[in-house]
There are 12 protein chains.
Amino acid sequence: MARELKILLVNGPNLNLLGSREPEIYGTATLEDLIAAASQAAVAAGFTLDAFQSNSASELVNKIHDARSKYSAIMINPGAFTHYAWSISDALTAFDGPVVEVHISNPQSRESWRHTSVVAPVAIGTIAGFGQQSYVLGVQAIVHYLEHN
Amino acid sequence: MARELKILLVNGPNLNLLGSREPEIYGTATLEDLIAAASQAAVAAGFTLDAFQSNSASELVNKIHDARSKYSAIMINPGAFTHYAWSISDALTAFDGPVVEVHISNPQSRESWRHTSVVAPVAIGTIAGFGQQSYVLGVQAIVHYLEHN
Amino acid sequence: MARELKILLVNGPNLNLLGSREPEIYGTATLEDLIAAASQAAVAAGFTLDAFQSNSASELVNKIHDARSKYSAIMINPGAFTHYAWSISDALTAFDGPVVEVHISNPQSRESWRHTSVVAPVAIGTIAGFGQQSYVLGVQAIVHYLEHN
Amino acid sequence: MARELKILLVNGPNLNLLGSREPEIYGTATLEDLIAAASQAAVAAGFTLDAFQSNSASELVNKIHDARSKYSAIMINPGAFTHYAWSISDALTAFDGPVVEVHISNPQSRESWRHTSVVAPVAIGTIAGFGQQSYVLGVQAIVHYLEHN
Amino acid sequence: MARELKILLVNGPNLNLLGSREPEIYGTATLEDLIAAASQAAVAAGFTLDAFQSNSASELVNKIHDARSKYSAIMINPGAFTHYAWSISDALTAFDGPVVEVHISNPQSRESWRHTSVVAPVAIGTIAGFGQQSYVLGVQAIVHYLEHN
Amino acid sequence: MARELKILLVNGPNLNLLGSREPEIYGTATLEDLIAAASQAAVAAGFTLDAFQSNSASELVNKIHDARSKYSAIMINPGAFTHYAWSISDALTAFDGPVVEVHISNPQSRESWRHTSVVAPVAIGTIAGFGQQSYVLGVQAIVHYLEHN
Amino acid sequence: MARELKILLVNGPNLNLLGSREPEIYGTATLEDLIAAASQAAVAAGFTLDAFQSNSASELVNKIHDARSKYSAIMINPGAFTHYAWSISDALTAFDGPVVEVHISNPQSRESWRHTSVVAPVAIGTIAGFGQQSYVLGVQAIVHYLEHN
Amino acid sequence: MARELKILLVNGPNLNLLGSREPEIYGTATLEDLIAAASQAAVAAGFTLDAFQSNSASELVNKIHDARSKYSAIMINPGAFTHYAWSISDALTAFDGPVVEVHISNPQSRESWRHTSVVAPVAIGTIAGFGQQSYVLGVQAIVHYLEHN
Amino acid sequence: MARELKILLVNGPNLNLLGSREPEIYGTATLEDLIAAASQAAVAAGFTLDAFQSNSASELVNKIHDARSKYSAIMINPGAFTHYAWSISDALTAFDGPVVEVHISNPQSRESWRHTSVVAPVAIGTIAGFGQQSYVLGVQAIVHYLEHN
Amino acid sequence: MARELKILLVNGPNLNLLGSREPEIYGTATLEDLIAAASQAAVAAGFTLDAFQSNSASELVNKIHDARSKYSAIMINPGAFTHYAWSISDALTAFDGPVVEVHISNPQSRESWRHTSVVAPVAIGTIAGFGQQSYVLGVQAIVHYLEHN
Amino acid sequence: MARELKILLVNGPNLNLLGSREPEIYGTATLEDLIAAASQAAVAAGFTLDAFQSNSASELVNKIHDARSKYSAIMINPGAFTHYAWSISDALTAFDGPVVEVHISNPQSRESWRHTSVVAPVAIGTIAGFGQQSYVLGVQAIVHYLEHN
Amino acid sequence: MARELKILLVNGPNLNLLGSREPEIYGTATLEDLIAAASQAAVAAGFTLDAFQSNSASELVNKIHDARSKYSAIMINPGAFTHYAWSISDALTAFDGPVVEVHISNPQSRESWRHTSVVAPVAIGTIAGFGQQSYVLGVQAIVHYLEHN
């Protein structure tokens with residue numbers, strides 16, 4: 001099925017500033033760099049990857065709703081929404097494919113309010129701390145999951 | 001006053017997916033079914049009911065602001081916003097009519113983060129757990145309240 | 001079955017004082033008024049309603065035990081027992097029909113010790129805040145539930 | 001640099017209702033009154049002040065992103081977002097100028113959920129409780145800060 | 001009014017065992033001794049005192065209900081009910097006269113679960129730790145209160 | 001002394017429903033079965049066993065009071081009272097013989113509110129989780145204790 | 001022993017303002033009124049009473065140190081120190097006579113930070129809520145205690 | 001009234017060391033510098049300002065008591081007393097004019113024990129984080145308040 | 001199957017010191033005494049019992065691993081490991097037979113850190129407080145369980 | 001340097017049972033399968049991988065000590081030690097290369113005691129939830145990290 | 001520098017009662033004994049030691065302020081101030097030499113409110129539990145520190 | 001008795017790495033240096049000192065067991081075990097001589113999980129923060145204790 005070959009990459013608030021915001025934490029790669037790296041990993045496995053970024057929780061929810069039956073998997077970096085946006089968590093629950101949570105830095109090494117994830121319970125797995133490589137590993141995890149489930 | 005005869009039904013995030021999302025919790029009725037049932041109950045009592053759904057907290061806030069002096073009451077199912085969207089709670093405080101909170105399932109029987117409601121303190125009452133019928137009962141509660149206050 | 005047509009209304013401690021105790025919170029309706037309103041709603045739907053009030057948790061537990069196979073549903077306003085009487089919660093678990101929890105005022109708008117309900121997890125739904133009308137809506141919720149389950 | 005002479009005033013959800021919502025807490029001044037007072041204070045110091053209000057967290061985030069390198073400072077009254085909108089906190093962290101937090105009333109004298117500020121840690125200072133004058137003092141604090149740093 | 005001259009002394013669970021239970025905490029005086037002392041203090045002030053003891057919360061609630069308009073004041077030692085029997089707290093709220101809480105020992109010097117009192121918020125005052133004399137002082141406090149209010 | 005040969009078995013609220021209530025947790029044995037098994041174990045050791053069940057905390061307290069100097073030991077399954085009925089805990093403290101706490105299921109494997117026991121601190125020991133056999137083991141524990149102390 | 005006939009009344013911070021500060025909570029009696037009432041009660045029992053007030057914790061500690069072997073008892077209203085001044089608690093521990101804690105209002109009916117007393121654990125008893133009469137009752141409690149211990 | 005023209009500036013413990021203690025947090029301005037700046041702001045508005053510093057809570061309480069009917073307003077930097085000195089909070093409650101709380105640094109950005117203020121609830125407003133300018137803004141806030149209330 | 005007739009008794013850290021360590025809590029019986037008593041109870045029921053003690057969590061884990069398919073049941077007194085050694089809890093989960101937890105004293109009557117058991121949730125039942133007899137009762141509980149399941 | 005080409009894979013308690021223990025959570029792959037998959041990924045990148053498993057925290061600590069200057073990176077699945085073995089956390093801090101934490105299942109979707117990781121703060125990143133593939137992704141993350149740092 | 005040879009010993013509230021207050025906890029040595037022992041240890045190392053005791057936090061703060069540039073080190077037993085007197089903690093932060101905290105008894109073995117120290121974070125080290133010898137060891141620790149830093 | 005002259009120094013996990021691990025916290029002295037310093041202090045007082053280090057809690061427990069009646073005192077630096085190894089705490093309780101707890105750095109100045117000590121309640125005293133000198137002071141404390149008890 002055509003759907004099987006598409007991954008949706010969802011990026012949450014402030015990630016559009018990557019490269020210029022707190023580079024000591026988030027590194028110097030821009031969001032475009034991360035998308036390119038993720039896309040390249042997807043293409044290498046025979047998938048295509050569409051990327052979406054928004055600072056709006058409702059736009060993310062709408063996008064996740066739209067992804068139903070269009071995409072085989074969602075890879076999401078919810079940014080600050082990770083920690084309180086239950087509406088996104090509920091939307092991901094309704095998605096009919098695997099969800100993988102990725103983070104550039106390791107939330108557990110930062111402020112305590114970053115230790116809770118409302119997305120983790122609805123994801124098959126989480127990858128955090130590896131910078132741009134978190135996105136590449138996330139794509140590889142999805143590909144492997146889809147090929148074996 | 002013409003305003004006395006109109007009820008605004010506000011539905012929060014992900015409720016547009018009703019019927020397809022976790023039917024073991026939320027049942028198989030769609031949002032349209034619920035609106036129809038609520039509307040029918042309103043009409044039976046000589047009221048009209050307008051329905052609004054959004055995945056966006058700000059759109060809900062804006063709609064609640066617009067409802068001032070236009071609607072005699074608001075019935076709201078805040079969905080996941082129930083538990084953290086203080087902006088909606090503040091907006092409802094500013095509404096000049098009764099507010100009734102409704103839920104399809106019983107939040108107190110589910111995950112602990114669903115036990116807190118930031119809407120309850122600004123509502124005259126809450127109805128939870130009766131599926132589609134929560135909406136019908138909510139309309140009846142509003143009608144009775146308006147007729148006796 | 002004859003049993004299908006009977007509802008038991010259970011009222012907990014201090015509700016016998018309704019009308020004279022803190023009318024700014026509980027209103028001026030007496031318990032008799034509430035029972036009459038609930039009964040009228042039941043009769044209108046072809047049901048009969050028996051009412052029971054006690055200040056004793058054990059009498060409430062015994063009554064709930066006795067209701068097994070005699071009543072099709074229980075509507076309960078547990079009063080102060082809402083918040084700590086686990087023995088009533090256990091008794092309701094053993095009842096073989098739907099349980100609906102009703103409250104005259106909205107416990108979530110009052111002292112924090114009134115925010116916990118040990119009855120909610122064993123009820124199909126909760127109706128709170130509508131004064132006497134909570135009882136009428138509760139009966140209607142039960143009737144609707146029994147007709148559709 | 002031209003940029004040095006501009007202040008962005010950001011107002012969060014429900015502040016558009018100022019003057020009509022809970023005047024016993026927020027006073028009778030409208031948002032326009034507050035903006036005018038703040039603007040007058042800015043102009044008196046040789047600055048201009050642009051004001052922005054939204055009920056949407058994402059619009060606030062976008063506005064704060066846009067303010068980078070355009071404004072010398074941000075004065076923000078986050079309203080209900082003060083207490084949970086980490087996405088705004090993250091956006092302010094990325095702003096390249098001083099941030100001052102202002103409140104019309106004193107959150108510490110109100111409900112306990114209003115005691116936490118996710119904005120305070122990224123602001124150079126906070127002014128709360130002085131009604132419209134909080135905005136005037138906030139502008140003066142910014143002006144003084146910019147002149148001495 | 002005849003009612004003005006009568007005090008009801010209410011004793012909660014296990015107080016019937018006074019004198020034989022943990023005398024190192026509760027002393028060797030029996031409940032009869034305490035009632036006699038309290039009664040003597042009441043009579044000395046021109047009052048009569050009726051005493052009631054029960055191990056049953058509902059009997060205490062019923063007795064408090066019956067006391068309405070019959071007694072001018074209630075002095076209560078709620079025993080273990082002090083710490084969780086909200087039904088008694090609610091009943092006392094409905095009493096139309098002053099309530100004084102007395103304890104033989106000092107709950108704050110004992111196990112931590114004895115530090116909370118659900119009765120204190122509805123009492124005009126509390127006397128704890130003076131053994132039998134707590135009862136005498138309680139009567140004197142009531143007499144003084146009734147004479148000056 | 002004749003007293004040495006008698007054990008009082010006290011069963012708390014809802015245990016009269018054993019066999020019909022939640023058999024997946026409590027098993028299919030009735031209370032009569034449990035009493036018979038316990039009695040048989042007692043008789044086998046030369047003791048007699050009297051059983052008492054009540055849904056009323058005050059009846060349990062009264063029974064425990066009456067047991068003083070009549071029974072050599074009390075075996076108690078406090079049911080839901082385990083977790084909040086401090087009046088029973090106080091009554092057991094006043095009993096002049098060993099107390100053993102028994103439970104059919106293991107409270108620590110169930111809801112968190114079942115993890116606290118207000119009886120455990122006044123019991124010489126606790127046996128939980130073995131169904132009907134908990135009662136047999138409890139009797140054997142009492143017999144052994146009385147023979148060696 | 002001469003010492004047996006003297007009581008020290010210790011009043012903590014802000015009590016010198018009694019009568020003018022928050023009369024809806026503390027009443028209109030001045031500290032002089034309270035001291036006079038307490039002194040009269042002491043004299044009536046053959047005791048003398050010396051009163052001391054200070055806004056300084058160290059002066060209170062010093063006074064309590066000086067009271068050793070000079071006074072037969074201390075009656076203390078620690079005011080705001082009740083809730084955190086462990087140095088006073090330690091000083092009272094070192095006093096060689098009974099300590100009684102008195103309060104004009106009932107701390108348990110007020111803000112939650114007033115619910116903890118660091119003095120209660122070192123006092124034989126506490127009297128709270130009876131206004132000026134708390135002092136009279138406190139003296140009577142001390143007199144009775146000294147006569148019977 | 002002459003009183004209307006005087007402001008009392010109260011500085012708490014260790015503020016006498018300003019300029020030499022932790023300059024990276026508190027800056028290099030001395031207390032004299034801050035008083036001069038505040039005084040200049042007061043004089044500019046037609047007020048005089050008296051300053052008082054003490055490391056003693058009781059001296060601060062006494063000074064606040066003395067300020068009653070002498071000063072039109074109090075501006076206080078309670079230093080470490082901010083977080084636990086309830087006696088000062090009570091004294092400020094008894095003051096018959098507006099109270100403004102000022103801080104040189106932002107307590108909410110420092111150790112967690114600095115996040116609680118026992119003064120904030122009795123102040124009309126709080127200004128924190130602007131160094132010496134906090135004092136100037138505080139005076140301006142008072143002046144504006146007195147002119148408009 | 002031969003396996004059906006063997007029970008493994010596992011004793012955790014410091015239990016090798018039984019008889020010499022805190023005899024007022026643990027009694028004077030040595031570990032050898034307890035093993036002998038347990039073994040005798042096992043033999044009486046046609047079982048054999050092997051005993052193992054270690055102060056090392058890993059040795060206990062290894063022993064539990066080895067017990068798989070060799071023993072029909074495990075009786076474990078985890079000692080101080082009861083409260084934090086999740087590795088033992090995980091190992092017991094993997095065991096293919098019933099687990100019974102025993103304690104010589106009653107952890108719930110001791111320091112609060114002894115109130116949590118990480119073993120209880122994976123055990124069919126718990127016996128605590130009966131000294132050496134806890135072991136005998138534990139064997140009897142296992143025997144009964146194996147004969148009836 | 002030869003050291004650059006070696007990865008140490010450390011597996012904590014009970015992981016030797018993989019494949020037979022709770023396969024619904026951990027899957028059916030054995031530890032050997034996981035090691036083989038990880039090793040293959042390492043070899044593919046020009047690295048060798050040594051694997052070590054122990055149920056003993058001290059053996060894991062010793063092995064981590066020994067790895068200093070011998071291995072270029074450590075990949076660790078701490079099993080149940082994740083949540084409390086601070087000694088391992090301290091040992092990893094002393095290791096002179098990157099540490100990656102891997103988990104087969106997602107601890108955040110399981111019991112709450114599994115939500116804390118004492119290893120995460122000392123790891124560069126965490127990969128959880130992907131079964132055997134977590135190990136492959138972990139190796140790839142290490143390889144990428146070593147090549148780019 | 002002469003300053004290098006002087007140590008200031010600061011003793012907090014109630015320590016002037018040493019020897020007569022709770023000797024089972026604090027021993028029979030008087031404060032003079034402790035000062036003599038500490039002084040002797042200082043002299044033996046070529047230092048002099050001045051001792052200061054006060055029940056007043058502000059006097060302690062003032063003394064610590066005065067010690068700046070006069071004493072090479074401070075040894076402090078803050079007594080009850082250990083647990084809440086943040087003003088002393090702040091004062092010690094401003095001292096320009098090492099601070100050592102000493103306690104006669106071990107606060108961690110006593111009431112839970114004695115487990116927190118607001119002084120420990122600003123001290124180079126803490127010595128607790130050795131009675132008079134804590135003071136001697138504290139002096140030796142200071143001497144060693146000054147000689148090696 | 002020969003035993004009187006021997007001290008056992010027990011060092012917990014990771015202390016074998018001293019000098020190379022986090023020297024900014026633990027200093028550059030190696031464990032050998034610390035043992036030498038401690039030993040020298042012991043010898044100077046006529047004692048011998050044996051040192052033992054292990055990363056294994058069970059080896060530490062076993063060593064502590066073996067020390068009974070062989071050593072007159074134990075000085076222990078439990079390292080990371082300080083905070084959770086209740087098995088070591090229990091073992092120390094069974095030791096028949098004084099225990100002194102020493103730490104190189106001050107746990108109360110570091111991460112919050114390092115603030116709890118399960119060893120402190122069973123030690124006569126604690127010395128923390130003085131680096132190598134903590135060990136020397138610990139030996140001196142033991143010597144002094146043994147000479148005076």
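The legends below describe close-up views of a predicted model. Residues are numbered from 1 along each chain as its sequence is written, while chains are lettered from A and ligands numbered from 1 in the order in which they are written. Local features need pLDDT of at least 70 and side-chain atom pairs count only at pLDDT 80 or more, whereas totals for chains, interfaces and linings use all residues; side-chain values use heavy atoms, with hydrogens and water left out.

**View 1. The interface of chain J and chain A.** In this view 21 residues of chain J are in contact with 21 residues of chain A, contact meaning heavy atoms within 4.5 Å. The two chains bury about 1600 Å² between them, with 54% of it on carbon and sulfur atoms; buried area is the accessible area (1.4 Å probe) that two parts lose on being put together, summed over both. On the side of chain J, the residues that lose the most area to chain A are Q108(J), F130(J) and Q133(J), together 30% of what that side buries. The elements of chain J that give two or more residues to the side touching chain A are β5 (125-128) and α5 (132-148), and α5(J) gives the most, with five residues. Helices (H or I, at least four residues) and strands (E, at least two) are DSSP runs, numbered from the N terminus. The residues on this side of chain J divide into 10 nonpolar, 11 polar and no charged, where Ala, Val, Leu, Ile, Met, Phe, Trp, Tyr, Cys and Pro count as nonpolar, Asp, Glu, Lys and Arg as charged, and the others, Gly among them, as polar.

**View 2. Strand pairing between chain A and chain J.** Strand β5 (residues 125-128) of chain A and β5(J) pair in the antiparallel sense over three bridges, two strands being paired if DSSP finds at least two bridges between them. Within this pairing, A128(A) stands opposite T126(J) in β5(J).

**View 3. The interface of chain J and chain I.** Here 14 residues of chain J are in contact with 13 residues of chain I, and the area buried between the two chains is about 1200 Å², of which carbon and sulfur atoms give 60%. N55(J), Y84(J) and W113(J) supply 42% of the area that chain J buries against chain I, more than any other three residues. Across this interface the rule finds zero salt bridges, and the count of residue pairs in polar contact (both at pLDDT 80 or more) is five. The side of chain J that touches chain I is made up of six nonpolar, five polar and three charged residues.

**View 4. Strand β1 of chain K and its partners.** Five of the six residues of strand β1 (residues 6-11) of chain K are buried, so this strand is largely enclosed by the rest of the structure; buried means under 20% relative accessible area, exposed over 50%, and partly exposed in between (1.4 Å probe, protein chains only). Six bridges join β1(K) to the parallel strand β2 (residues 48-53) of chain K, where the bridge partner of K6(K) is T48(K). Strand β3 (residues 73-77) of chain K also runs parallel to β1(K), joined by five bridges, and in β3(K) the bridge partner of L9(K) is M75(K).

View 5. Seven of the eight residues of helix α4 (residues 86-93) of chain K are buried, so the helix is largely enclosed by the rest of the structure. The buried residues are W86(K), S87(K), I88(K), S89(K), D90(K), A91(K) and L92(K), and what covers them includes α3 (57-67), β3 and β4 (99-103) of chain K. In the loop between β3 and α4 of chain K lies H83(K), which is buried, with a relative accessible area of 13%. Leaving aside its neighbours within four places in sequence, H83(K) is in contact with W113(K), R114(K), T116(K) and V118(K).

Terms used
A salt bridge is a side-chain nitrogen of Lys or Arg within 4 Å of a carboxyl oxygen of Asp or Glu. A polar contact is a pair of N or O atoms within 3.5 Å; within protein, one must be able to donate a hydrogen and the other to accept it, and residues adjacent in sequence count only if both atoms are side-chain atoms.
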